[in-house]
Each structure stands twice: as structure tokens, then as C-alpha cells.
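I opened my notebook to look up a few things in a structure. The sequence and model come first, then my entries.

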Amino acid sequence: MAFNVRKIIAASLILLTASAATSPAAYALDAKQKQEIGDFIKEYLVANPEILLEAQQSLKKKQADEQSAQAQAAITDNEKAIFESPYDVTLGNPNGNVTIVEFYDYNCGYCKRALSDMETILEKDKNVRFVLKELPILGPDSMAAHKVSTAFRAIAPEKYGDFHRALLGGEDRANEETAMAVATGLGVTEADLRKKMAENTQDDAVKEVYTLANDLGITGTPSYVIGKEAVYGAVGAEEIETKVTNVRTCGKTVC
């Protein structure tokens with residue numbers, strides 16, 4: 001016969017409480033009662049360990065639901081900064097009917113693998129707008145590469161897609177030297193880059209993206225925003241394509 005452990009424990013507590021109701025400490029358990037109920041719970045859990053897995057899964061779902069609700073609220077509150085920031089570069093169709101926003105770090109191994117996901121989506125779907133948001137969170141090298149990247153984007157935004165693919169797709173660690181090599185290889189002089197870097201001491205772009213990442217609950221890269229959903233991790237082109245299709249079909253990533 002199957003039993004509901006929550007009901008059994010609740011009933012045990014009721015009985016124990018009732019037995020002590022005539023005492024001034026009506027809701028206190030004495031040492032013996034604590035031992036009895038503790039032994040009972042332990043015995044039940046040892047005999048039914050799957051309950052622990054169910055509890056863990058329930059907790060994960062609750063946490064995921066809370067994170068999703070937080071992200072949805074943040075997307076609504078920060079829609080312009082997420083989808084229309086002047087600091088971002090857009091690939092694909094600038095007038096596409098679905099926008100994918102990617103948060104990435106040039107030294108993120110998962111981001112490097114996810115580069116092919118972006119390329120697959122852009123190749124197959126000519127009505128997607130793909131927004132790039134650099135989130136340098138993997139140390140000083142990432143920040144140094146970011147500074148070169150930001151300068152290059154300001155000088156030659158039309159070439160940023162090529163810069164992005166070359167630096168993210170490269171085998172070397174991204175830092176100032178490797179980012180500078182990619183940038184100069186695309187025709188922007190080091191002198192112009194360093195001048196622009198010196199002008200951008202406030203780095204409003206990275207401040208904005210850090211704030212967005214915090215509001216969206218992003219703790220790693222790559223992460224995405226599609227419709228009203230934040231998507232965490234390198235989930236693959238197929239899953240992203242499904243979400244895009246759903247947004248077109250019913251206005252949500254899950255129909």
C-alpha cells in the first residue's frame with residue numbers, strides 16, 4: 001500500500017500535539033517525542049529514497065519558475081535596453097520579425113561552440129534579427145578584449161560581424177593583443193583603436209549589459225533573450241529555432 005509521507009508526518013505531529021494539549025507548553029515536543037518522530041521520518045525516507053529525488057526536482061522547478069518570473073519582469077521593464085540598445089550590433093535581418101539577443105564572453109568555451117548555432121540560424125532563417133551583447137565576466141583578458149571590441153564597433157560597426165566571428169571563433173585566448181590583431185586585420189589602425197579606447201573611459205556599454213544580466217538572472221554565458229524568455233546556457237540551434245517558431249506562432253516561446 002502506498003502512503004503519502006507528508007500526510008503521515010502531519011498526522012503524527014497532530015497526534016503528538018494533541019497528547020500535549022493539556023500542558024502549558026502545548027506545542028513543544030519533549031526529547032522522547034522528537035526522537036520518535038525523527039526515527040519515523042528517517043525510517044520512511046530510507047525505505048522510500050525516491051521521495052528525496054522528488055523533493056529535489058520540486059525545488060529545482062520552483063527555483064526555475066521563480067527565475068523565469070524574475071526574467072520576464074526584467075524583460076518587460078528593460079525592453080528598449082535589451083532589444084534596441086545603441087551599443088549593440090545586429091546581425092541577420094535588421095527588420096526581422098523575431099529577435100534573438102545573445103550575451104557572450106569572448107573567452108567562454110561554450111560561447112565558442114554556440115557560434116555555429118548562430119551561423120546555422122542566420123543561414124536557415126532570413127527573418128531573424130540577432131543582437132550581440134558582450135558580457136565580459138571571465139577575467140582581465142576578457143575585459144581587455146572587450147575594450148578593443150567596443151572601440152572597433154564604434155569605428156567600423158559594419159565590420160563587427162566579421163570581428164565577432166574571427167575573435168570568438170579563434171583558438172587563442174581573447175585578450176588585448178589577439179583582439180587588436182583581429183581588428184587591425186580588418187583594416188582599422190591600432191592608433192585609431194587606442195584613441196577610441198582612451199575616449200571611452202566610462203564604458204557605458206558594459207555597465208548597461210552588467211545591469212541587464214543581473215536583472216535577468218544571468219550568471220554565465222552564453223545566455224539569450226527570445227521573446228519574453230531568458231534562456232540560460234548553450235542550448236543548441238534546434239531548441240532556439242523551436243522557440244523562434246513558437247514566438248511566430250503564438251507570441252510565446254512555448255505554445
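**Entry 1: the model**

I noted at the start that this is a predicted model.

**Entry 2: the sheet**

I asked in what order the strands of the open sheet lie. There are five strands, in the order β1-β3-β2-β4-β5, and the pairing is mixed. I then looked for the edge strands, and they are β1 (89-92) and β5. Each of these pairs on one side only. From one strand to the next, the twist averages 25 degrees. I also checked what packs on the sheet. Helix α3 (residues 50-77) does, and it touches β4 and β5. The direction of helix α3 makes about 125 degrees with that of β5.

A reminder to myself: strands of a sheet pair through backbone hydrogen bonds, either parallel or antiparallel.

**Entry 3: the hairpin**

Which way do β4 and β5 run relative to each other, parallel or antiparallel? I found that strand β4 (residues 223-226) and strand β5 (residues 229-232) run antiparallel. Four bridges join them. I picked out individual partners next. Tyr224 has Val231 in β5 as its bridge partner. Ile226 stands opposite Glu229, which is also in β5. Together β4 and β5 form a hairpin, with two residues between them. I looked at the turn and found Gly227 there, with a positive phi of about 60 degrees.

**Entry 4: aromatic pairs**

How many aromatic pairs does a search of the whole structure find? The search gives five. One of them is Phe40 with Tyr44, a tilted pair. Their rings are 6.4 Å apart, centre to centre, with 40 degrees between the planes. I traced both residues to helix α2 (residues 31-47). They are four residues apart there, about one turn of the helix. Is Tyr44 buried or exposed? Tyr44 is buried, because its relative accessible area is 12% and the cut-off for buried is under 20%. Phe40 has 27% relative accessibility, so it counts as partly exposed.

I turned to Tyr160 and Phe163, which form a stacked pair. Tyr160 counts as buried, at 1% relative accessibility. Phe163 is buried too, with a relative accessible area of 0%.

The charged end of Arg153 sits over the ring of Tyr160, 5.5 Å from the ring centre.

**Entry 5: Asp125**

Where is Asp125? I found Asp125 in the loop between α5 (109-124) and β3 (128-134). I listed its polar partners next. The Asp125 side chain reaches the backbone nitrogen of Asn127 at 2.9 Å. A polar contact of 2.8 Å joins the Asp125 side chain to that of Arg248. Leaving out residues up to four places away in sequence, Asp125 touches Val244 and Arg248.

How values were computed
Residues numbered from 1 in each chain as written. Predicted model: local features only at pLDDT ≥ 70, side-chain atom pairs only at ≥ 80, totals over all residues. Heavy atoms only, no water. Pairing = 2+ DSSP bridges. Phe/Tyr/Trp six-rings, centres within 6.5 Å; stacked < 30°, edge-to-face > 60°. Buried < 20%, exposed > 50% of the residue type's maximum accessible area, 1.4 Å probe, protein only. Lys NZ or Arg CZ within 6 Å of the ring centre and 35° of its normal. Polar contact = N/O pair within 3.5 Å; in protein donor to acceptor, adjacent residues only side chain to side chain. Contact = heavy atoms within 4.5 Å. Axes fitted to C-alpha atoms, helices over the stretch in contact; angles between N-to-C directions.
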